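User: Hi, I'm new to this one and would like a walk through it. Could you take me through some parts of it?

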Amino acid sequence: MNNVQIVAAREFKQIAGMRSFWLTLLIIPLSLVIGGLTPSLINNDEPDRVMIIDRTGGAEAQALQQRFDADQNRELLGDLSRYVQRHHLEGADPKALWAQHDRWYSDADIAQFEAAGGLESAQSKIDRVKAKDTPAFEASPPDYEMVPVPASLAKVPDAGLDDALQDVLKPKGKDAKPVNYVVLVPASFGSSPVVRLWSNRQPSPDLVQKLQDVLTRDLRTRFLASQGLSAAAAQSATSIAPALAISTPPPGGGAREAMLIRSILPLAAAYLLMISLMLSGSWMLQGTVEERSNKLLETVLACVSPEELMYGKLLGTAGVGLFMIAVWLGCGLFAAYATHGAIADMIRPALDPLTSPGTVIAMIYFFVVGYVSIAILFLAIGAMVDSMRDAQGYLMPVLLLILLPISILMQAVIAGNSGGVLMEVLTWVPIWTPFAVLARLGLGIPTWEVIGSGITLAAFAAAEVVLLGRLFRASLLASGQRPNLREVVARMRAVQS
Amino acid sequence: MSVLTLERVTKRFDQTIAVDDLSFAVEPGTVFGFLGGNGAGKTTSLRMVLDIIRPTSGNIQVLGRAPGRANAPEIGFLPEERGLYRQMTALDTIAYFGRLKGMTPADAKREGASLLDRFGLAANSKQTVDKLSKGMAQKVQLATALVNRPKLLILDEPFSGLDPVNQGLLEEEIRNMSSAGATAVFSTHVMQHAERLCDRLLLLGKGRKKFEGTLDEARAELPARLTVVSRTDPSKISGVESARDRGEAEAGWRRWDVRLDPGVAPGDVLERCVSQQFPLRRFEQVHASLHDVFVHIVGQPETVQ
C-alpha cells in the first residue's frame, strides 16, 4: 500500500467513524421509505358509503349499482392482469382476459369476466400453475359500498330530507358509521333533470362523474323514447361511443413521459453526485481544517508529500461518496426485492439507458471526473483556513455558485426542456458540466456535445489538479489571516515553496 | 560519513532571508543542538532537511541522500507545533505514522503497542486522542516520532509545552537512542536542555551560524572568571582584566569576582599568585553557563532562557 492509499484509508475510516456520516447515509433511504409509506398512512382504505334514495321505482339505483360494480370489476381485472404479467402466469389460461395485458377492458369484457366465474375462477386457475413462493393475488378494496335505505328514511318526503339526513351523514354515536354520500333521484326525474346529492365532505369527482354518466344516459334514453324511438334503439343510441385506439411513441421518441422515464437514471446520477459531493466534500473539508487547526500537518508532511496527501484525501473522499451511493443503491435493490418486484417493474423502463454502452460510459465518466473536479475545490478551501468558521466564508459562495444553476437545470429537465441557452451554458462551463450532461443524457444530447464537454471537463480537472495542488501545497504551512484573492493567485503560481 | 550535511544553504521568503549561507555537519551517534532565539532560522532549517520546504540555494544531504520522503523510514520527527487526530485511538495514531514511514501494518501496531507500554499508556491504547490528558497526548506524539526506530531523530523545540515528567522522559529517550547509535538533532532556545544533552552545538543568529563546536569550546569563547578570597586587590596580577570587590569573606580577607584577559588560563594566574607570594584563601574557576556563552556570541534575544 503506498502513501496515497494509506492516507485515503485513514480519511475513509475517519469519516466512516463519524455518527453524522451514518445518520446522513440512512436518512435518505429512510425518508424515501417514509415518503412511500405516507400516502398509504394518509389514504383511507375504507370504501366510501353511498346511499341512493330512488323515488322512480328503483331502476336508477340499479343502474348506478351496476356501474359501480362494473368499474370495480374493471379495476380488479386490471390488477389481476398486472399480477399475472409480473409473475409470468399467463400459462394458467392464455385465452383469459387477465392473461392479455396493456389493454382497456370494455363493459363487454367485464361481463365476460363475470360470466367466466370472476375472480374466484381466475384464482383457482392461477393457483394450479403458480410457484409456491409466488405471493397470492390481493384485490384492492372497493371504492364504494352501497348502503340500503332504511325504511324510516324511505318514508320521509323530499322536503324533509335535509333535516332527516343530518344523523345519517354525521351520526352522533362513537361507533356509528357515517354515510358519505346520499343521492336522491326524485319521482319527477325524467321530466325534470334535477337530482340531489348530500355529502359529508367535498364530493369526489369520480363519484360525481359516475352519477353524471349513468343519469345522463338514462335522461337521453327517456328523451329519445319520447321522440318516438323504440326503447331498445334509444338504449343503444345512448351507449354509442368512439373506440379510441391509443398509440404511444417508443421511448425517446419525443413524448414527455417517455423522456422523463429515460431521464430518471441520469437525473438520479446527477442528484446523487450532488448530494454525495456536498456531504463527503464537507467532511473532507472538516478533516483538512482539523489537520491545520490541530497543527499536525508538519508531522504528516515529514512522511508524505503534499501531492500524496492531496491525492490520498481525494481518493478517500471519493471512496466515501461511492460507498454512500453503493449503500443507497443496495437499499434500492433491497426495496425492489422486498416489494416482490413491484418497484423493479416500475423502474425497469428507467433502466433503458443502461442498454447503451455509450450512455453507461458517459455516466461513469462524468460522475467520476465531476466528483474529482468539485471535491478538489473543497480540499483547497480546507488547506487555506484554520477553522470551520473561516471555511464558511469561502464555502458559501462556492456552494451557491455550483448549486443554484443546478437546481434550475433539474427543474428544466423535469419539465421536459432539453434545450435552451441555460442548458447549453451549463453544459460547457466545467463546474456545471457533470450535472448538466448527466441530467441531459436521458433527454437526448448530441454526441459531439458529450465528447466536447467531456474533453473540456478533463482539461479543467487537470488544470485544477495543477493550480489547486499548488495552492494546497503553499497553503498547508502558511499561517496568519485568510489569504485574499491576490495571495491565492500568487500561491497558485508558486511552483515550489 | 556524516548523517546530515548542509553546505552554504540559504532560504529566502520574498525579501526575508530566513537562513543565510548555513553550513554544518552532524556525525553519527551525536546529539546535536541547534540553538537560537525565535526567528533565528531553526525551524526553517529543519523543514528543509525534511523536504517540507526547499532551499533557495545550497546543498543538503540526509543519510547520504538528498532530502525527500524516501528518507522517512529512517527519520523520526517531532515538530514544534504538535497535534494529533482527535478521533483516532492512541495505538492507531502511532501505527498510522509507522505505516507512512514504510512499516508493515503488523510491525507498526506491534512497535506502537510496545512504545505505549514503555510510556505507561498500555491501558489507554484504545482510547481516542481527545479523551487523553495533555501529558498523555504528548507521549503519543513522541511515540509517533520513535515508532520506526529512526537512525536520525529531528526534534524541533521538543521541550516546549512538555510537563516536567515528559521532559525527563524525552531526555531519557534521546540519551537511549544516542547510546544505541542513532543521531539526534534538536533545536531549542532553552539552554539548560542543550547543556545537559548536547555533544555538539550550533548557535544561530538571524539565520547565520555564529558558532559550532562542543560545549567546552563554546565556553572557551568567553573570558575565564574566578572567585578569589585575598587580603588585597588582585587586579594588579598579570592576566587579570578586572576584579570586583564582593565584600568581606572573614576578618581581614575579602571576596573578589575576577575576570581574566581573553585567552589567559586560570592556572597561569594561580602560578603567578604563588610566585609573587600573593596571599590567597580561595581560588576557584567559575564555569560560564551556555546562556552566558549564547549572550556573548549571539546577543540577548528576549526568548532565550
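User: What do the buried residues of α3(B) pack against?

Analyst: The buried residues of α3(B) pack against α2 and α4 (134-146) of chain B, where helices (H or I, at least four residues) and strands (E, at least two) are DSSP runs numbered from the N terminus. This is a predicted model, in which local features need pLDDT of at least 70 and side-chain atom pairs count only at pLDDT 80 or more, while totals for chains, interfaces and linings use all residues. Residues are numbered from 1 along each chain as its sequence is written, and chains are lettered from A and ligands numbered from 1 in the order in which they are written.

User: Which residues of α3(B) are buried?

Analyst: In α3(B), A108(B), G112(B), L115(B) and L116(B) are buried, meaning that 20 or more other C-beta atoms, placed from the backbone, lie within 10 Å of a residue's own, whereas 12 or fewer make it exposed and anything in between partly exposed. They cover an arc of only 100° around the axis, so they sit on the same side of α3(B); the arc is that of the directions from the helix axis to the C-beta atoms.

User: And what does the face turned away from the buried side carry?

Analyst: That face of α3(B) carries the exposed residues A106(B) and D117(B). Just after α3(B), G120(B) takes a positive phi of about 75°.

User: Switching to strands, what is the order in the open sheet of 3 strands?

Analyst: The order is β2-β1-β4 in chain B, with antiparallel pairing, and two strands pair if DSSP finds at least two bridges between them. β2 (16-26) and β4 (57-62) of chain B stand at the edges with a single partner strand each, so one side of each has no neighbour in the sheet.

User: How many bridges join β1 and β4(B)?

Analyst: Strand β1 (residues 4-13) of chain B and β4(B) pair in the antiparallel sense over 5 bridges, and L6(B) stands opposite I60(B) in β4(B).

User: What about β11(B) and β12(B), what do they form?

Analyst: β11(B) and β12(B) form a hairpin with 2 residues between them, and G252(B) in the turn has a positive phi of about 85°. Strand β11 (residues 240-250) and strand β12 (residues 253-260) of chain B pair in the antiparallel sense over 7 bridges, with V240(B) opposite L260(B) in β12(B).

User: Last one: how many residues of chain B are in contact with chain A?

Analyst: 21 residues of chain B are in contact with 19 residues of chain A, contact being C-beta atoms, placed from the backbone, that lie within 7 Å. Helix α2 (residues 90-100) of chain B gives the most to the side of chain B that touches chain A, with 4 residues.

Notes:
Two residues are in contact if their C-beta atoms, placed from the backbone, lie within 7 Å.
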